[in-house]
Amino acid sequence: MRTVYVNGEYLPENEATVSIFDRGFLFADGVYEVTSVLDGKLIDFPGHATRLQRSLDELEMANPVTAEELLAIHRELVARNDVGDGLVYLQITRGAADRDFAYPADATPTIVLFTQAKPGLADNPVAKTGIKVISIPDRRWGRRDIKTVQLLYPSMGKMAAKAEGADDAWMVEDGAVTEGTSNNAYIVKGNTIVTRHLGEEILHGITRAAVLRLAAEAQMKVEERSFTIEEARAADEAFVTSASTFVMPVVEIDGTPVGQGTPGPVAARLREIYLDESRKTAL
Ligand code: PMP
């Protein structure tokens, strides 16, 4: 059985509880982060900690732990659960309060962390074959730069993809791709990597930031701008990035093969560079 962390305590998962009045449960009034673990070490941890603080600040939510405590809790959970490769999920909500739309003045934030073991996470065989995506309208709220726990629409998107025999959905707004249900979206045309510019319309992926920096360092050409599904279907390559999938090739969009319909060299190279570099800086 897993050991999880709840409000200052390490507990067996079946003894961990939160209030039915928790605003995370009643209002989705909470934020989260997901950090991957390779060889028992945290990947891109400072980036996730920084984005967590930004999400909290945007929602005027208190952070119940210091940055040092946060790292210590992550490490302790990885150790107690003997996670070699896997993920650490963190969730902070505004806490429990009598139900009212207005933020309570005095609620104590709830903090929960748990691990998921994923042996062989970096050697995921899907990276060799790629994933298929469908396009769906982006019907999420407008502040997607805040990493909130409102994940129902992305869940619906995943289900729509599965129903069509695909793996994931790319969301489209005003004719342009925003992002995947739980990842940032990219295309490659010629020698140029294209991914949507940052804004309130997408989550500022921590993997995205690292991959773009590494691509620039490797003298690869990057354009941060909107692109359409039609442009993506005509691209040479497509891929997504996230903490749990790193760099994952996309080989089909709405039934149309991308390029040769097999993972391309740019995605493969970026995946390799990203995994190499992030292992070196893992904590
Ligand atoms: N966009 C969305 C909507 C996501 O949920 C995620 C993953 N949490 C990402 C992008 C990728 O972000 P990161 O690289 O920080 O995991």
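**Reading burial and salt bridges in a predicted model**

Modeller: Let's start with Thr195, which is buried, at a relative accessible area of 2%. Keep in mind that this is a predicted model.

Colleague: Why is Thr195 called buried?

Modeller: Buried means under 20% relative accessible area. Thr195 has 2%, so the word applies.

Colleague: Where does Thr195 lie?

Modeller: Thr195 is part of strand 11, which covers residues 192–195. Setting aside neighbours within four places in sequence, its contacts include Ala185, Tyr186, Arg208 and Phe227.

Colleague: Now to the charged pairs. How many salt bridges does a search of the whole structure find?

Modeller: The search finds 20. One of them joins the side chains of Asp29 and Arg94.

Colleague: How do you know that Asp29 and Arg94 form a salt bridge?

Modeller: The N to O distance is 2.6 Å. The cut-off is 4 Å, between a side-chain nitrogen of Lys or Arg and a carboxyl oxygen of Asp or Glu, so this pair qualifies.

Colleague: Why does the pair of Asp29 and Arg94 tie together parts that are apart in sequence?

Modeller: Asp29 is in the loop between helix 1 and strand 3, while Arg94 is in the loop between strand 5 and strand 6, so the bridge links parts 65 residues apart in sequence.

Colleague: Are Asp29 and Arg94 buried or exposed?

Modeller: Asp29 is buried at 8%, and Arg94 is buried at 6%. Each value is set against the limit of under 20%.

Colleague: Why is Lys280 called exposed, and Glu277 partly exposed?

Modeller: Exposed means over 50%, and partly exposed lies between that and the buried range. Lys280 has 63%, so it counts as exposed; Glu277 has 30%, so it counts as partly exposed.

Colleague: What separates Lys280 and Glu277 along helix 8?

Modeller: They are three residues apart in that helix, which means about one helical turn. Elsewhere, salt bridges with shared partners join Arg54, Glu58, Arg143, Asp145 and Glu200 into one network.

Colleague: How do you know that Asp145 and Arg143 meet in a salt bridge?

Modeller: Their side chains come to 2.9 Å, N to O, so the pair falls within 4 Å. Asp145 is buried at 2%, whereas Arg143 is partly exposed at 22%.

Notes. Residues numbered from 1 in each chain as written. Predicted model: local features only at pLDDT ≥ 70, side-chain atom pairs only at ≥ 80, totals over all residues. Heavy atoms only, no water. Helix = DSSP H or I, 4+ residues; strand = E, 2+ residues; numbered from the N terminus. Buried < 20%, exposed > 50% of the residue type's maximum accessible area, 1.4 Å probe, protein only. Contact = heavy atoms within 4.5 Å.
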